[in-house]
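Subject: Structure handover, salt bridges

Hello,

Here is the structure for your files. My notes on its salt bridges follow below.

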Amino acid sequence: HRCPAPCHSGPCRPCPLTVSYSCACAHMTATLPCGAESRALPPRCYRACPVPGVCRHTRAPAAPVPHRCHFGPCPPCGEACGTSLPCGHTCAFPSCHDPPVPAIALFTPPPAPKGALIMSDLDGAPMLGADSSSGAGSKQAAGGSKSRDQSKESKGAAGGAAGSSSQPAAPTPPALATAVEVQQLLFSGAIPNPPTPCPPCVVPVSVGCLGGHEQRSMACSTAAPYVCSRPCGSPLTCGNHTCDMPCHAKRGSGSPAAVPCEPCTRRCGAPRSCAHPCALPCHQGPCPACTAPQGVPCHCGKATVTLPCTQLQQVQATLAASGSATSSSALVALREAKQKLSCGKPCHKQLPHCPHPCREVCHSGPCPGITACSEEVTVRCECKRQKTKWTCMMVQAALAEAGRPSTYDDTTPLRLLQCDEACAAAGGGKAAGAASKAEPAAPKQQAAPKAAAAAAPAASKTAATADADGDGGKAGGSSRLSKAERIALAEKREAERRKAEEAAQRKAMIKWIVILVLGLVLGLAVPELFAVVDRWLRSKYGK
């Protein structure tokens, strides 16, 4: 603007024009001098914002305290949602999730005041013609020119009247315009109540699987019976097994997804008193007796007896109760049980008192004692000239009568006969001495064979030696070799034989090596020898 004051010296005074502006609801106004528009701030208004709220809290009967008049968007609702959901829980969203109301226009600084500068026709003094935006400033300028003539006042007044009549209509305050827009939306139903649905419920609830095996914690909005990783496990109609289908709802549970359990098609498999489960198809009632073949060693341990499992258990129970078997029926059952575990072959166990095997049929318990062995054994006199055959039981009885141990083996010399005059005549001094030493013991040695012969007269045989010189030489000279000595001698002879075979193999190998070397030498030297002979013949006789 131009300075409206008369010509003066020094700097001009500030522009007398001012501008007025209001708050968002046009209740409070403020005035700024010309040139301070960029520093304009919204007037402070203490009235409530006229824009109605659209969220569920501001539309509720107990609405929160409204906020003050402002420019720009209204502040968001600070209340938690808290709406009751159909599941019975409360919406757990931490704040109001409804959309905000349309925003009020932002504050804009007011425009600069407008004024018209009028020049006087008489002296050229400037006059200010005011418009709608000049306000009080135009009045101040007119008061400063009271000394002007009436024509100038009339012209200024006429100009002011013409300016006031051309003023446009005042615009609607932004807050009131937004309030009218929101009310129209609410009245038309464009914004429902509540404006937005609540999010799905996230309150954790415990839900069981379809088969009722376990419980899991799920969000309320997604909670539903589920299929766990376990089998059904419900008892089947057979009463022996359980359902192996994956977890499912059972009939009678009220679930629309109920599925019947599978029919039982498995084997019985029920445990029994033995180690063999029942192999029949699944059945009701008790299982039949086990007929699985079971092999056990016989009494002598040389063979295997195969019996049905149930029969074997009965035999073992009968043998375990053999100590209390006193009645005749119990003894018969015990005897039959022992027969079932017998292989029917000779025992062949080593008898405890002699080197012979047991000839009894496979039996339980220890083998018979001294009176059981009927094997024939050769016995001799001291000079070995006489020999005869006795049964083993007679030999053991004779050893016991002679005061010697009744147990013997193959290495025990059986000198149980008494030398006679023929032995003394055939054996010389040693034989006579042996005969004279054997005189005191003769009664005992003769009594033993008589006693044994009375027990088994048909088992003894006496034979005279045909070669008296040979036996006499042995009696007078060397003694008979023992079993260990005979084994050692046989091993020595076998070692010598193997040594001789190894020496023969080494000689054969050396022979073949020499032949091979000679063949190689001849194969390499013969061509050279032929070449030398050929050259000699050519040099001597010519070509």
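The salt bridge count comes to 10. Please keep in mind that this is a predicted model.

Arginine 497 and glutamate 501 form a salt bridge, with their closest N and O atoms 2.5 Å apart. Both residues sit in helix α10 (residues 483–541), and because they are four residues apart there, about one helical turn separates them. Arginine 497 is partly exposed, at a relative accessible area of 39%, and glutamate 501 is also partly exposed, at 39%. This pair belongs to a network in which salt bridges with shared partners join Glu494, Arg497, Arg498 and Glu501.

Another salt bridge links the side chains of aspartate 420 and arginine 385, at 3.1 Å from N to O. Aspartate 420 is in the loop between α6 (392–401) and α7 (421–438), while arginine 385 is in the loop between β9 (376–380) and β10 (387–391), so the contact ties together parts that lie 35 residues apart in sequence. Arginine 385 is buried, since its relative accessible area is 15% and the cut-off for buried is under 20%. Aspartate 420 has a relative accessible area of 28% and counts as partly exposed.

The side chains of arginine 216 and glutamate 214 also meet in a salt bridge, at 3.2 Å from N to O. Arginine 216 is partly exposed, with 39% relative accessibility. Glutamate 214 is partly exposed as well, with a relative accessible area of 22%.

Regards

Definitions and conventions:
Residues numbered from 1 in each chain as written. Predicted model: local features only at pLDDT ≥ 70, side-chain atom pairs only at ≥ 80, totals over all residues. Heavy atoms only, no water. Salt bridge = Lys/Arg side-chain N within 4 Å of Asp/Glu carboxyl O. Buried < 20%, exposed > 50% of the residue type's maximum accessible area, 1.4 Å probe, protein only. Helix = DSSP H or I, 4+ residues; strand = E, 2+ residues; numbered from the N terminus.
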